[in-house]
Each structure stands twice: as structure tokens, then as C-alpha cells.
Amino acid sequence: MSTDPVRPRSSLRPAIGRAVRRGWIGIEQLVGGFGTAAAAFAVVAIVLVTAVTSVVGVGLLAVPAAARLVRALANRERHRLARYGIDLPDLPPPAPGVRGALADRSLRREVGWAAGHGTLGFGLGFLGALLPLLAVRDLTFFLYWRLLPDDPTATSIGVGTVHSTLGALWVSLLGVGWVAVIVGVVPNMARLQSWPARTLLVPDPSVDLSMRVAELTSTRAAALDAHAVELRRIERALHDGSQNRLVAVNVLLGAARRALARNPDEVEAILARAQDAAETALADLRAVARSILPPVLADRGLAGALTGLASASAVPCEADVDVAGRCAASVEATAYFVAAEALTNVAKHSGARTAKLSAALRGGTLYVEITDDGHGGADSQHGSGLDGIRRRIEAYDGVLRLDSPKGGPTILAVELPCGS
């Protein structure tokens, strides 16, 4: 038996790739912050001029405009940082007038951010733009050093001269050092540059509370709308389906009663038709009952119900369901109906060849995602069926994200708080 030790798979290459990627993203973030820092520096200058001239009354006229300028720049920074996973919600424009601007507590924090970002962020952004240039300059110095005048300064830091190719190659080591700085230090520089924003651009607690109240008011209205829509759907299903079937049963029973005296031979055929109509009405009633709360959820749980949906899909659908616990019954019903409606839309409208249904329960939130390889172009606005799905999800304080570019693929992602 061989006793050679088993060598673990090398993870060096992926680790290097991740480090390089973090360094590149850090450079991108620093350079982007350099632009907003320059604008912040200019805005701070405008605010200072406005404050100084307000002492004699002239600057008071410019206070509302300066406040809107600060808020616009702060929201732009919020949008920029959102691309790097720093979630800072936008704030509405400040209240009109001088009093409205001066009473806005968040606006004062934004002025403080502009002062910090316009100084610290500007310096870090400048370094972020300079470091790649220094790295390229020193790494490639051995390629062009002969084209420079005699005794050229060899390095980007202005020290040393080169008289041979070997000396030029040594300069490249400094370029490697710049690359190491980019990979190892730049991500921390980017976090430091975003620190004033993460500290001062978060909403003031009072503003956050009012935004939450507005959000809850909106979701309450959406819940009432979704409830009204569901009641109308059930009413239409009962009126147009089951009621008509039962009326037909009643008419046929009346015809059978009359035929019993006139032509007994027709009674059997009429009763058979009445029985068929009654069975159809019963099937309609069962369908309506299942649409209110599908029994499959009680029988098999959400995981089994979603897996069954995927297997019954008209488009071949892969299921990846990891829902170990249980959520509120209304949340599970909503997730089930969203998945059923989405797979129906895939079959009817997408032209897809394959689809995938994923679901997971993580940290008290239920995540459901339906992906297809169709032609894309789905829109959750403008009164489409997806708009109804979105309203139903918002009623539970959930989130719907739709990514459906022309040509596909389409990704419908849903997040539902599990305890709703």
C-alpha cells in the first residue's frame, strides 16, 4: 500500500485572482471617488461663500440652491457606492426655503461628508489614479530606457539612474512593488475613502423612521389592493364557473322532472348530463379552494410543492430547493403562487427551452428565483401580469427584482420575510 502523502489541491491561483480583482475594484472605486471628491471640494467652497455672505443677508437667497446642490451630490455618491455593495438610501430634496434647508438635520451631515470627502477622499483618489501609472511606468521601463536622454532618472520616485539593460530590469522590481501595493493596500484605501459616506450619509434616525412609516403605509395599501384583487378573482371564478354549472344542473333536473311524465326514455340522458355538470361544478369549486391555499403546501410543505411545480412545468425545469424550515402560511402561499405564475409565463411568453426554479431560506428570509433562457424583454410595470406579482410581494414587505434584457436570459428574484 502506498504511503505517499496526498497533496492538497493548490488554491494559490484562485487566491491571486481574487486579490487582483479586489485591487482592481479598489482602484476603480478610488478613481470614481476622486471625481466626486473634486465636486465635493467645490460644493464646500460654495457653502462657505453662502454662509459668509449670509451674515450680511445676501447669501440667504442662495441657501436653498446650495442645499439642493449638496443633496444632489450626496445622492450621487450614494448611487456610486451602491455599485460596491454599500447600501445608502437616497434622500428626497430638502424642504423649500431657508428654514427648510436649515432644519434638515441630514443636510448638515451631508455638508460634513462633503468637507471630509473633499479633502481625505480627494487625496486617496489621487493616489488611486496615480498608482497604476507608476506601476506601468516602472514595469515597462526596460523596454524604452534606451530612447531616453543620457543618464535618465530610472525610477518613478526620482531616484537612481540606469546604464544597462540589467539596471533597467531592476527598475521593474519597483513596478512589481507598486502592483503589490495595489493588490494589498488599495482595497483598504477604498474603504477609508468611503468611511465619511458610511458614517455621515446614512439617514438621520428621525428621517429613517419617517421613511419606514411611509414604506409601511405603501405596503399596507398594496396589501389591501392585493386582497381586493384576490377577492375579485375568487368572485369571478365562482360566478363564471361554479355558479353557471350549478344553474345548468338545476335546469337539467327540471327538464328531467318534466320528462318523467311526458317521455320517460329521455330522463336517463338528461340526468347523465346533470351529473356531468355537477361534477364539473365540483371540480371548479375544488380549484377555487386550492387557489386560496393549495393543499399541497400542507401535505408536502413548500419544498415539495415547489419541486412538484418544477416537475410539472411545460418547459423542462430544474429545481434547486433548500427550504428546511417553515414560514408563515401566507408567505408560503405567496411564494408558491409567484413560482406557479412565473413558470406559466415562461411557458406562454418566453420561448425558453429550459428553466430553473431555486428557493432557499436564509436568515429569516425566503429567497425564490426563476430563471429561463428565453428571448427576454419581460416588464413588471405597465399593467402586466408581473405587475400583479410585484404588488402581491410588496404586500408582505417583500422585494421583487426582474432582470430580462432583450435576447434573455430572464431572472425573476423574490425576497419574502419569512415571518410576515
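Ser 54 counts as buried, because its relative accessibility is 18% and the cut-off for buried is under 20%. The structure is a predicted model. Its mean pLDDT is 79. The protein has 420 residues, and buried ones make up 35% of them. Its secondary structure comes to twelve helices and five strands.

**Ser 54 and its surroundings**
- Ser 54 belongs to helix α1, which covers residues 12-54.
- The Ser 54 side chain reaches back to the backbone oxygen of Thr 50, at 2.5 Å.
- A polar atom of that Ser 54 side chain also lies 3.5 Å from the backbone nitrogen of Leu 60.
- Setting aside neighbours within four places in sequence, Ser 54 is in contact with Gly 59, Leu 60 and Val 63.

**Pro 92 in its loop**
- Pro 92 sits in the loop that runs between α2 (63-82) and α3 (97-103).
- Is Pro 92 buried or exposed? Pro 92 is exposed, because its relative accessible area is 54% and exposed means over 50%.
- Asn 75 is 17 residues from Pro 92 in sequence, and their C-alpha atoms are 9.0 Å apart in space.

**Helix α4**
- Helix α4 takes in residues 105-139, 35 residues in total.
- At 1.5 Å a residue, α4 should span 51 Å; the end C-alpha atoms are 50 Å apart, so the two values agree.
- Where does α4 bend? The bend is at His 117, and it is about 35°.
- At the start of α4, Asp 104 places a side-chain oxygen within 3.1 Å of the backbone nitrogen of Ser 106.

**Whole-protein contacts and surface**
- Of the contacts between residues at least 6 apart in sequence, 67% join residues at least 24 apart.
- The accessible surface of the protein comes to about 24,400 Å².
- Carbon and sulfur atoms account for 62% of that accessible surface.

**Confidence**
- A pLDDT of 70 or more is reached by 80% of the residues, with a mean of 79 for the protein.
- Residues 1-10 have a pLDDT below 50.
- Beyond near neighbours in sequence, residues 1-10 have zero contacts in the model.

Note on methods. Residues numbered from 1 in each chain as written. Heavy atoms only, no water. Helix = DSSP H or I, 4+ residues; strand = E, 2+ residues; numbered from the N terminus. Buried < 20%, exposed > 50% of the residue type's maximum accessible area, 1.4 Å probe, protein only. Polar contact = N/O pair within 3.5 Å; in protein donor to acceptor, adjacent residues only side chain to side chain. Contact = heavy atoms within 4.5 Å. Areas by Shrake-Rupley, 256 points an atom, 1.4 Å probe, with all protein chains shown as cover. Expected span 1.5 Å × (residues − 1). Bend = angle between axes of the 7 residues up to and from the residue. pLDDT = per-residue confidence, 0-100.
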